[in-house]
Amino acid sequence: MESSIRSVVIRFLVFFVCVTCVLSQSYYSSPAGLKTQTKEKAFNGIFKTIISSVFRNETQKTMPDETGSMKMSFLGDVDYKITNIRATGFKQPEVKMTIRPDKISLSLTDTRFTLLGQWTYSHRWFGVSDSGAVNVTVTVSAVNVSLAVGLDSVSGGRPVVTVSGCSANVSGAAIRLSGGASWFYNLFTGSFGKSVEGKVQTDVCAQIRRTVDVKATDAMASLPLQRDLGDGLVVDLRLVSPPTLREGYVECLHNGTVYDRNNPVMTPIQPWPFPATDESTALSSLSLWMSDFVLGSCAYALYSRGALRSTITPSTLPLPMRSFLNTTCPREAACVGSLFPQIASIYPNSVLEAGLAAAGSPMVSISPSGLQVVTTLNETVRVRRADGSLATVCNIVVNITVSGSISMNDREIKVGITQIQPNVTSVTNSTVGTINNNDLSTALESLAKQHLQMEKTEKGFPIPVPKPFQLKNGQSYMLNKCVVFTGDIEMSP
């Protein structure tokens, strides 16, 4: 039985660490870009599944032998030995986790274990012995454990889980012998029963404390401090403060800064404080709050390494749109040449190209109405003549506002673009005369609309939920300066 309880506690602690603070492996004093909230019902549902699977696996395991002696009034001291003890069944306990601002409490109530073994009695002086089978039913009325979550500065500030209190109440051990003169020895099994009760009651909390000291510490030390996002980008997921116990849930604040692994220039952007807990998250067992600071720092990392540059040519556009860049229009089709006749006149039978470069880091903001990215682009517009030579047409400065959406289901997080709004603020170094800013803005907006209609502008990112856990009822909510992802965590049987 002790082995079963120990296995349950090991699995619970590893799960608790991974789900509650999987993103928060070290203390790092800075503003928070990410926040996780894990509620009681996430632990209650999964812990019931863990107990069932663990005790099913324990039913065929052999337990340590039990030896001792009993004093019988007319025989004196009789030695006994219980061997080949194994668990053959158990009753599913009631499991409840309670999270309060001062502690985390875990209670297991009303469970029973059925054990089967072999008994042997022998008298020290008379040489009398007997043997048979023994059935033991141990009733554990309650096991109560208090857990504390904090940071261990000695090991580099990693989160730690410690037992702040533990009590176990074994309410009875019913023993029934069979075989031999079992009808006689059953009258004197009370002493052995008291021994079993006392041993279990003493050892349960000791096993729990040893489990926490070893298994939880090892689990925390093995977790990474950052996550690779691909394309050389890394997100810093360290805690910015110790985990906080709230009424009914555990809250963790995480750094959330995205930076270039090979050029770790920290962003000058600072995150806003998270808004108050929203009622829309109340029914979910797990929620992740992502500030627009995370996306803003990602944009800054890309800008800092010069990645926000591009060249527009016909080959970069969808096939039906490629003729739009012609200076001489195909029959009955609109193109640059029809919108700006002076370009067609000076550079006939040519194709327009544009080199784009961000003038600064894009500004990213999230609001209840959606996602918005604002940036300024410097464009150098050229024409490629029929002989392959290039000629500069003009230089353009354009402010771009991109509107989008963020959504979530049980499998992935989706980011989509809904509108691109260009606004040309200046045209310089023109070789084709005056180009009206508004006319150019209208041409760019038309091009953007066609592109959005022809190309898929929504991309999904798989949610990395480790086995055997599953995410159910995944949803997202756009709030002021952040997006909240919510769902329920379940464990496959």
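## Strand β1 and its partners

In this predicted model, K35 stands opposite W289, a residue of strand β14. The two strands concerned, β1 and β14 (residues 286–291), pair in the antiparallel sense through 5 bridges. Strand β1 also pairs with strand β12 (residues 249–254), to which 6 bridges join it, again with the strands running antiparallel.

Burial is a marked feature of β1. Of its 6 residues, 6 are buried, so the strand is largely enclosed by the rest of the structure. Both faces are covered: L34, T36 and T38 are buried on one side, and K35, Q37 and K39 are buried on the other.

## The contact made by T36

T36 belongs to strand β1, which spans residues 34–39. The relative accessible area of T36 is 8%, and the residue is therefore buried. Its side chain makes a polar contact of 3.0 Å with the side chain of H254. H254 falls within the range 249–254 given for β12, a strand paired with β1.

## Salt bridges around E251

The structure holds 12 salt bridges. One of them is formed by the side chains of E251 and K35, with an N to O distance of 4.0 Å. Because E251 lies in strand β12 and K35 in strand β1, this pair ties together parts that are 216 residues apart in sequence. Both partners are shielded: E251 is buried at a relative accessible area of 8%, and K35 is buried at 5%.

E251 has a further partner in R246, with which it forms a salt bridge whose closest N and O atoms are 3.1 Å apart.

Another salt bridge joins the side chains of R384 and E353, at 2.7 Å from N to O. R384 is located in strand β18 (residues 370–384) and E353 in strand β16 (residues 351–358), so the pair ties together parts that are 31 residues apart in sequence. R384 is partly exposed, with a relative accessible area of 32%. E353, by contrast, is buried, with a value of 15%.

Returning to the residues around E251, salt bridges that share partners join K35, R246 and E251 into one network.

## Cysteines and the disulfide

A disulfide is a covalent bond between the sulfur atoms of two cysteines. In this model the count comes to 1 disulfide. It joins C329 to C335, with an S to S distance of 1.8 Å. The torsion about the S-S bond of these two residues is about -85°, so the disulfide is left-handed.

C329 is partly exposed, with a relative accessible area of 26%, whereas C335 is buried at 0%. Two other cysteines can be described in the same terms: C394 is buried, with a relative accessible area of 2%, and C482 is buried at 1% relative accessibility.

How values were computed
Residues numbered from 1 in each chain as written. Predicted model: local features only at pLDDT ≥ 70, side-chain atom pairs only at ≥ 80, totals over all residues. Heavy atoms only, no water. Disulfide = S-S within 2.5 Å. Buried < 20%, exposed > 50% of the residue type's maximum accessible area, 1.4 Å probe, protein only. Helix = DSSP H or I, 4+ residues; strand = E, 2+ residues; numbered from the N terminus. Polar contact = N/O pair within 3.5 Å; in protein donor to acceptor, adjacent residues only side chain to side chain. Pairing = 2+ DSSP bridges.
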